[in-house]
Amino acid sequence: MTRTAVITATGSAVPAHVETNDMLAQRLDTSDEWIRQRTGIGQRYVATTETTADLAVAAGKQALDALGDGPEIDQLILATTTPDRACPAVAPEVAHRLGLGSIPAYDVAAVCSGFLFALRIARDAILAGTSQRILVIASETFTRLLDPNDRATVAIFGDGAGAVIVESGDLASPGAVHDIRLRSDGGLADLITANGNPTRLNPLDVTHDPYFHMQGQAVFLHAVLNMEEITRQSLDAVGWDAESIAHFVGHQANARILHAVADRLEVDAAKVNLHLEHVGNTAGASIPLALDDALRSGRIQPGERIAMASFGGGATWGAAAITAPSMTSPTNPS
């Protein structure tokens, strides 16, 4: 058997409060039609009392509850752009609340690409033999970064968390991570920004703008081109052509972006997984949220080929080629 990292369980969580497009239209100059035409989003969940840690714990617990027998979790990696505090990191608190003891637990910050970055770290640890079973969580309360009067961003983002459990298994197993690759370009840092943490600024500057900002047209272009290129590289690396892909689970930023990437890859539009209509853009949590939803609803079946891709602030981007997990633990290769 060829050893690799295998996804064996998933989980997800969203806040209790739902905000529909019509609800936004009551306080902002927008409409359900305007939002749907430009983004494909119909509603989003907004954290009113929940923290990033709360959502991470809920998603992590769901994944743990779905887990089969096997080794104990020996590492926790949490991707987030919205930690509850600048210090300490969120992950140790999450590990403690999940009863995982004193395992290594740490945060990863790669904005909307955070999940793929965390998954790559987990896969590499599995391949190196330094871990046997890792809990990977992406949790975001991104709405707290937004200017409440900015219809362009308030309409897009929502809050939530997604989790996967990754462990050592056979490359032929459902859930196998066949390829995952990452990129970044600091020259594009100003495309997507949020200056909420003023550590590099004068804290007495009353003109300081703490809110999230995005250069929409430039982000669209870079997202489409970079997601297409890196996804194509990932598929080529494992010898999969577009026809063989059953599902494209991309970062749920915007329906137009996802369809543009799929079109350039020559992936049928029917294979594009669109979860953002129900939850909005949940930043780094969007891919595991969409994956968990599709698995639990039966839209994705075990063993089917999945292409994943993301683009986020930094700029960061990545892609992965996996097979859909069966949600039962594989037999560890000897």
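**Note on the two-domain predicted model**

1. The domain assignment divides the protein into domain 1 (3–170) and domain 2 (176–324); the bounds come from an automatic or database domain assignment. This is a predicted model, in which local features need pLDDT of at least 70 and side-chain atom pairs count only at pLDDT 80 or more, while totals for chains, interfaces and linings use all residues. Residues are numbered from 1 along each chain as its sequence is written, and side-chain values use heavy atoms, with hydrogens and water left out.

2. Between the C-alpha centres of domain 1 and domain 2 the distance is 14 Å. To the contact (heavy atoms within 4.5 Å), domain 1 contributes 50 residues and domain 2 contributes 46.

3. About 3600 Å² is buried between domain 1 and domain 2, with 66% of it on carbon and sulfur atoms. Buried area here is the accessible area (1.4 Å probe) that two parts lose on being put together, summed over both. On the domain 1 side, the residues that lose the most area to domain 2 are Cys112, Leu116 and Phe117, together 17% of what that side buries.

4. Val111 has phi near 55°, a positive value in a residue other than glycine. Val111 sits in the loop between strand S5 (105–108) and helix H5 (114–128). Helices (H or I, at least four residues) and strands (E, at least two) are DSSP runs, numbered from the N terminus.

5. Two cis peptide bonds deserve a look. One joins Cys87 and Pro88, with omega about 5°; Pro88 lies in the loop between strand S4 (75–79) and helix H4 (91–97). Another joins Gly314 and Ala315, with omega about -10°, and Ala315 is in the loop between strand S12 (305–312) and strand S13 (316–323).

6. Helix H7 (residues 216–238) and helix H8 (residues 255–265) have axes that come within 9 Å and cross at roughly 40°. Axes are lines fitted to C-alpha atoms, for helices over the stretch in contact, and angles run from 0 to 180 degrees between N-to-C directions. H7 and H8 are therefore oblique to each other, given that angles under 35 degrees count as roughly parallel, over 145 as roughly antiparallel, 65 to 115 as roughly perpendicular and the rest as oblique.

7. In the contact of these helices, H7 residues including Phe220, Leu225 and Arg232 meet H8 residues including Ile257, Val261 and Leu265. The contact residues of H7 and H8 comprise 10 nonpolar, one polar and four charged. For these classes, Ala, Val, Leu, Ile, Met, Phe, Trp, Tyr, Cys and Pro count as nonpolar, Asp, Glu, Lys and Arg as charged, and the others, Gly among them, as polar.
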